[in-house]
Amino acid sequence: MSDPQYKLRVAIVGCGIGGLALAASLSTFLKQNPDAPRIAVDMYEAKPEVSTIGAGVAIWKRSWQVLQDLGFEEDIVKKGFKVPKDGESRGPIFRKSDQPSEGFDFHDHMMPYGPLGLHRPTLLEILQSKISDDCKIHTSKRLEGYDTLENGVVNLIFSDGSTATADILVAADGVHSSTRASLFKTLGEEQYIQPVFSGTIAYRGGFPKSKLAEAFPDHWAMNHPKVWCGKNMHVVSHPLGPSIGMICYVSIPEAEGAIYDGPLVREVPNEEVVRLFENWEPDLHPLIKSVESYSAWAIHVVKPLPTYVSGPVVLLGDAAHAMTPHQGVGGGQAIVDAHILGRLLAHPLTSKSNVSAVLDLYDSLRRPPTEEVTEKSRINGLMYEFNHPDFLFNDLATHPDGPTRAELEALGKAVGKSFEWLAEGDVQADWVAAEAKLMLIAQAEDQ
Ligand SMILES: Cc1cc2nc3c(=O)[nH]c(=O)nc-3n(C[C@H](O)[C@H](O)[C@H](O)COP(=O)(O)OP(=O)(O)OC[C@H]3O[C@@H](n4cnc5c(N)ncnc54)[C@H](O)[C@@H]3O)c2cc1C
């Protein structure tokens with residue numbers, strides 16, 4: 001039964017970065033127009049509580065502007081995080097490491113902007129803090145699928161046998177989205193149901209700095225991020241408060257795009273990772289050995305989709321465009337999606353009668369840039385692991401001793417360039433353009 005005080009009832013599936021950012025965006029922009037019709041929001045999260053995996057998330061210019069626009073800057077500063085600034089800042093050193101002898105640095109990476117390194121649980125906590133009373137969170141609710149009723153209302157079906165209805169269903173349920181599966185099953189486009197294997201396993205872990213300090217007090221990794229590069233493998237080590245975070249990537253390029261039949265995440269003892277990197281340079285070994293155990297993630301991506309919208313159902317964040325983590329932007333893209341979608345839905349010009357055109361507008365605004373970012377991130381992975389077609393170093397006939405320093409410096413320049421776009425753009429200008437299009441939708445409806 002629809003409640004007349006609400007212009008729309010929105011169901012958000014998934015309380016990760018994207019889902020919570022959307023709830024925060026809807027709450028913020030509806031509050032700015034207290035006389036405008038309200039939106040009832042129900043959020044459904046499969047887990048028993050709102051939580052996240054992983055330590056840090058990099059926030060670049062656009063996602064930072066969104067967090068500012070949603071009024072989070074003060075909270076973030078209060079929690080002791082340094083806000084990002086325009087202009088270059090020191091990033092990781094890139095180093096050739098895939099040989100038993102000492103490696104060498106080939107690229108001193110300057111970040112074009114920030115980024116802000118946010119603690120993931122803190123980000124979720126901050127996003128949740130701005131959610132209005134019109135938004136209810138229901139935990140232990142795993143969406144299994146949905147159908148659209150004759151009156152256009154979406155019927156959500158949960159794994160516990162319960163159901164719920166909404167005017168709009170937003171899928172923020174991550175890379176293995178069951179909403180995306182239902183959507184493309186209904187459209188008869190089964191090739192978009194499953195995410196595909198990126199070809200890369202990420203071994204994630206961390207350890208307290210004190211562990212390294214005992215034997216290697218002057219180790220570079222204590223205070224500086226580093227990308228340790230080699231053929232088909234690379235390692236990112238980064239200081240995070242009193243700890244050092246480690247992600248060891250191992251790729252099988254031929255497996256890219258395949259359906260992966262192993263476990264998506266598994267715990268592995270450190271010996272497995274130590275063995276994988278045993279022929280790499282000595283400086284890396286104490287770092288890899290210091291992690292007690294790793295969780296191994298089979299990184300999956302979503303193939304470019306023909307649409308993010310079908311009828312009253314809309315995809316957001318990883319459900320729409322899960323990408324490899326090699327630019328550190330997947331979460332940021334989910335935040336930008338959430339900002340624009342929340343602002344469009346909350347706008348007084350958006351109503352039940354034109355919401356379908358408004359969702360199509362979201363699709364046209366977000367699908368092209370997120371597809372582009374997904375490809376940029378993939379290309380970075382190829383560069384870090386010496387597999388980019390412009391920088392192939394694996395031909396033993398021409399490179400019996402591996403890549404030269406000059407060749408790697410050229411690669412480093414390309415890596416530097418690949419990050420430049422992260423300092424570009426302006427969320428407010430994007431919104432002005434989006435609002436102009438929304439006005440055209442409303443005008444067309446009036447005629
Ligand atoms: C190793 C690694 C490093 C990364 N580093 C960065 C970085 O530095 N910066 C960055 O911006 N991004 C980074 N990312 C990407 C980032 O983590 C994701 O893009 C981001 O978490 C996507 O947010 P989301 O809300 O779309 O999905 P998720 O965070 O996956 O959230 C989905 C939510 O939906 C819930 N859910 C799932 N299925 C259902 C269901 N059927 N019913 C109900 N609820 C459901 C889940 O429990 C979860 O809470 C990294 C990713 C990896 C793997």
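Analyst: Strands count as paired when DSSP finds at least two bridges between them, and elements are DSSP runs numbered from the N terminus, with helices (H or I) of at least four residues and strands (E) of at least two. We're looking at a predicted model, so local features need pLDDT of at least 70 and side-chain atom pairs 80 or more, while totals for chains, interfaces and linings use all residues. Residues are numbered from 1 along each chain as its sequence is written, and side-chain values use heavy atoms, without hydrogens and water.

User: Which residue in S17 is the bridge partner of Phe-197?

Analyst: Strand S12 covers residues 196-208 and strand S17 covers 293-301. The two run antiparallel and are joined by 6 bridges. For Phe-197, the partner in S17 is His-300.

User: Which strands stand at the edges of the open sheet of 8 strands?

Analyst: Pairing in this sheet is mixed, and the order reads S5-S4-S13-S14-S15-S12-S17-S16. An edge strand has a single partner, so one of its sides is left without a neighbour in the sheet. That describes S5 (104-113) and S16 (265-269).

User: What angle does the direction of helix H12 make with that of S5?

Analyst: Axes are lines fitted to C-alpha atoms (for helices, over the stretch in contact), with angles from 0 to 180 degrees between N-to-C directions. Neighbouring strands of the sheet are turned by 25 degrees against each other on average, direction ignored. H12 (405-418) packs on this sheet, touching S4 (86-96) and S5, where contact means heavy atoms within 4.5 Å. Its direction makes an angle with that of S5 of about 15 degrees.

User: What volume does the largest cavity have?

Analyst: A cavity is a set of points on a 1 Å grid over the protein atoms alone where a 1.4 Å probe fits but cannot get out, and its volume is the space filled by probe spheres set on those points, joined across faces, edges and corners. The search finds 3 cavities of 30 Å³ or more. Lining residues have an atom within 4 Å of a point, and for the largest cavity they include Trp-60, Arg-62, Gln-333 and Trp-421, with helices H2 (61-69) and H10 (330-346) each giving two or more. The volume is about 110 Å³.

User: Which helix gives the most to the lining of the second largest cavity?

Analyst: This cavity holds about 40 Å³, and its lining includes Tyr-308, His-321 and Glu-371. Helices H9 (318-321) and H11 (355-384) each supply at least two lining residues. The top contribution, 3 residues, comes from H11.

Technical notes:
1 Å grid on protein atoms, 1.4 Å probe; cavity = no way out; pocket = protein on both sides within 12 Å on 5 of 7 lines; lining within 4 Å.
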